[in-house]
Amino acid sequence: MTKKLTCLVLALILAVSCFSMVSFAAVGEKIPFENSEFFTVGDYSVHYRIYGERSARPGVMLLHGFGLSTASFEGLAEEYADNGYFVVTVDIPNFGYSSRETSETELQSREDVVYALMTELGGRWIVGGHSMGGGIAINVATDHPQDIAGLVLFAPQTSVQASSVMSRLMKNRLVLRIFNSLFKVGTSLPFVFTPMVEMSFSDREYAKKYDVSRISTPLKIDGTGAGIAMMTSHTRGTDFEKFSALNVPVVIITSENDRVANADNLSAILAAAPGGSEHFTVKEGGHMMMEYNSSESAVLTLPVMAKCA
């Protein structure tokens, strides 16, 4: 292994250990929430939650960011449901209460798993995503434009496709064990989460009052670290030309005080957004603006969603 590659692996392990993740492995028979449902596709068990009832409008499918779960969209999902939308929030594989990927998993892309759920539920969809989930939402839309009525993106971030060398490395059993051990140690430390929350919301007082169990509880499920390593091995990139060619309403929400999003990546997404896309910048809430103030996020996005047919 070259020195450069070794440094890259160590940096990735450190970043992942500091930026904990959510998972599913051995959750048992307990249903996480009253509105929880599970969908099976291949080797994956996908946890999702339903708000509202079907109507003539397209459904809304919301995809959370890195290290998060359906909990980050609770307020916004309720806002959309109150405005007559059928809303589904999804735990991306290796997060929340969806499956952990292992060396035994017959791997599918995150986009294919999400689309399988969309197909199972039927109809056309407005796909929304926060951060990592925004990148996944864009990919789902460019893969299946015929089923997409619109995009609602909150501080979206696209992923970089792993090289063949990195892909093989992230599937190595020793690396999987290292990642898993790091997550066990990281999630056992009570002081880890509050600084993460403060950085994510860009509000120290809000972080002090925030119920960190919303993040920490699912992070403690065994298999998370290994699942994230495995996910890294087959993460997809984004085709910006196909994104620009989409012919659906798109709204992008960003925050002035975002201390998490990669500014260059965000700029690239804004530059590639289809003609007629709307972009709003909020002052408060940082990277997690849609959870920090779900009402404002709804007010800014609902008029664009009304154009989605």
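Where is Gly285 found? Gly285 sits in the loop between E8 and helix H13 (289-292). Keep in mind that this is a predicted model.

Let's start with the overall picture. The chain has 14 helices and eight strands. Its radius of gyration is 18 Å, which agrees with the value near 19 Å that a compact globule of 309 residues would have. Along the principal axes, the C-alpha trace spans about 50 × 40 × 40 Å. Of the 309 residues, 57% count as buried. Take the contacts between residues at least 6 apart in sequence: 81% of them join residues at least 24 apart.

Now for the inside. In soluble globular proteins, nonpolar side chains tend to be buried together. Here the largest nonpolar core has 40 residues, and Met61, Leu63, Met118, Leu151 and Phe243 touch the most other members. A second, separate core of 37 residues includes Leu68, Val152, Val192 and Met305.

Val282 belongs to strand E8 (residues 278-282). Is Val282 buried or exposed? Val282 is buried, because its relative accessible area of 4% falls under the 20% cut-off. Gly285 is buried too, with a relative accessible area of 4%.

Leaving out residues up to four places away in sequence, Gly285 touches Ser200, Phe201, Ser255 and Tyr292. With its neighbours within four places set aside, Val282 is in contact with Ile253, Thr254, Ser255, Glu256, Met289, Glu296 and Leu300. Ser255 turns up in both lists.

For a sense of scale, here are two residue pairs, with C-alpha to C-alpha distances.

| Pair | Apart in sequence | Apart in space |
|---|---|---|
| Val282 and Tyr97 | 185 residues | 30 Å |
| Gly285 and Arg54 | 231 residues | 31 Å |

Notes
Residues numbered from 1 in each chain as written. Predicted model: local features only at pLDDT ≥ 70, side-chain atom pairs only at ≥ 80, totals over all residues. Heavy atoms only, no water. Helix = DSSP H or I, 4+ residues; strand = E, 2+ residues; numbered from the N terminus. Rg over C-alpha atoms; globule rule 2.2 N^0.38 Å. Buried < 20%, exposed > 50% of the residue type's maximum accessible area, 1.4 Å probe, protein only. Contact = heavy atoms within 4.5 Å. Core = buried A, V, L, I, M, F, W, Y, C linked by side-chain atoms within 4.5 Å.
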